[in-house]
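Colleague: I've got a model open and I'd like to learn how to read a few of its features. Can you walk me through them?

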Amino acid sequence: MSKPSTFPEQEQSQPGDEHKMNPRPEIIRDSYRGSDKLNGKVALISGGDSGIGRSVAIHFAREGADVGIIYLEESEDASKTRELVEKEGRKCLLLQGDVSSYDFCKSAVEKCVSELGQLNILVNNAAIQFPKDSAEEISESQFRKTFDTNIFPYFYLSKCALKYLAEGDTIINTSSVTAYRGSEHLLDYSSTKGAIVSFTRSLAKMLASKNIRVNGVAPGPIWTPLIPATFDDVSDFGQDTPLGRAGQPSEVGPAYVFLACEDASYITGQFIHVNGGEIIGS
Ligand code: NAD
Ligand code: MG
């Protein structure tokens with residue numbers, strides 16, 4: 001399928017809805033063939049209702065995993081994701097709530113294990129962003145909310161999941177290209193994404209002796225609900241990348257499959273840069 005390089009005007013507020021996007025993102029390539037890479041595994045994915053998280057859920061299901069998905073309030077998108085996972089012949093547990101609450105994160109992990117029987121893969125992926133062009137425009141409460149939503153829950157969910165993760169299991173964290181190159185529009189957001197990189201590297205070292213691997217994906221511009229929900233003008237979104245266009249969720253999901261499965265058994269503390277060609281130094 002040819003990928004769009006320009007996008008029409010559209011208005012949404014956060015959290016955005018995938019079913020209102022024009023055009024709809026590509027979730028998984030029709031030609032993607034599963035090969036039991038995650039057979040019998042159970043994954044918990046925050047922000048799994050839409051965008052990158054939905055793509056990860058469907059790829060994991062096609063590879064043989066059952067999934068639990070956490071989402072804030074987008075029940076229509078979440079139901080659609082469950083339908084798509086079930087079409088792959090796997091189970092999908094919907095977990096609605098706010099990840100900035102430790103108690104909710106704990107209950108989401110517990111429910112995932114009690115309903116799906118185990119937990120092998122945690123994907124920390126939920127996030128918000130509030131673009132602002134100057135530091136003066138960023139309120140203290142906005143700065144705090146971005147950290148409360150984007151990084152604290154990665155710790156909460158990881159901590160609670162560790163009770164259940166065993167040798168060979170994995171944690172995968174979504175960061176962003178903005179962590180590596182900075183962003184003049186996203187001071188608070190890019191700071192949380194940088195924190196996620198260090199969190200990933202440190203947790204990887206902490207868990208290496210247990211053979212629990214911790215890695216991440218740092219996406220560039222990907223066509224998801226977050227984009228029309230937070231940027232005023234999306235017409236040329238992604239055109240400033242070397243590949244000259246935005247990526248689709250279908251082009252990000254496979255990186256999570258790779259990191260989650262045994263093919264990546266000697267990889268921990270690392271990031272895959274799915275960003276249309278921007279060269280990342282370290
Ligand atoms: P998305 O809007 O589809 O996904 C974000 C999800 O986070 C939402 O579905 C929402 O349900 C969830 N969420 C937000 N606040 C929450 C809360 N308080 N409690 C529970 N869930 C909450 O957008 P996406 O682009 O797929 O985002 C997924 C990840 O990808 C995020 O970490 C984002 O920072 C990262 N990312 C996206 C891009 C991009 O261009 N789309 C680029 C770099 C990184
Ligand atoms: Mg959503």
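Colleague: Which residues form the negative surface patch here?

Modeller: Keep in mind that this is a predicted model. The negative patch is made up of E9, E11, D232, D233, D236 and D240. Take D236 as one of them: you'll find D236 in the loop between α8 (226–230) and α9 (253–260).

Colleague: Is D236 buried, partly exposed or exposed, and why?

Modeller: Buried is under 20% relative accessible area and exposed is over 50%, with partly exposed in between. D236 has 44% relative accessibility, so it counts as partly exposed.

Colleague: On to the metal. Which residues coordinate the magnesium ion (ligand 2)?

Modeller: The magnesium ion (ligand 2) is held by D49 (OD), S50 (OG) and E74 (OE), at 2.1 to 2.3 Å. Along the chain, these donors follow the spacing D-S-x23-E. D49 sits in the loop between β1 (42–46) and α1 (51–62), while E74 sits in the loop between β2 (66–71) and α2 (75–87), so the pair, 25 residues apart, links distant parts of the chain.

Colleague: Are D49 and E74 buried or exposed?

Modeller: D49 counts as buried because its relative accessibility is 2%. E74 is buried as well, at 8%.

Colleague: And where is V109?

Modeller: V109 belongs to helix α3 (residues 102–116). With 0% relative accessibility, V109 counts as buried. From V109 to G238 there are 129 residues in sequence and 35 Å in space, C-alpha to C-alpha.

How values were computed
Residues are numbered from 1 along each chain as its sequence is written. Chains are lettered from A and ligands numbered from 1 in the order in which they are written. This is a predicted model: local features need pLDDT of at least 70, side-chain atom pairs count only at pLDDT 80 or more; totals for chains, interfaces and linings use all residues. Side-chain values use heavy atoms; hydrogens and water are left out. Patches are made of residues with over 30% relative accessible area and no salt bridge: like charges are joined within 9 Å, nonpolar side chains (Val, Leu, Ile, Met, Phe, Trp, Tyr) within 5 Å. Accessible areas come from the Shrake-Rupley method with a 1.4 Å probe; for residues, only the protein chains shown count as cover. A salt bridge is a side-chain nitrogen of Lys or Arg within 4 Å of a carboxyl oxygen of Asp or Glu. Lys and Arg count as positive and Asp and Glu as negative; His and the chain ends are not counted. The place of a charge is taken as NZ of Lys, CZ of Arg, CG of Asp or CD of Glu. Helices (H or I, at least four residues) and strands (E, at least two) are DSSP runs, numbered from the N terminus. Buried means under 20% relative accessible area, exposed over 50%, partly exposed in between (1.4 Å probe, protein chains only). Donors are N, O and S atoms within 2.8 Å of the metal (3.2 Å for Na, K and Ca); water is not among the atoms, so sites may look incomplete.
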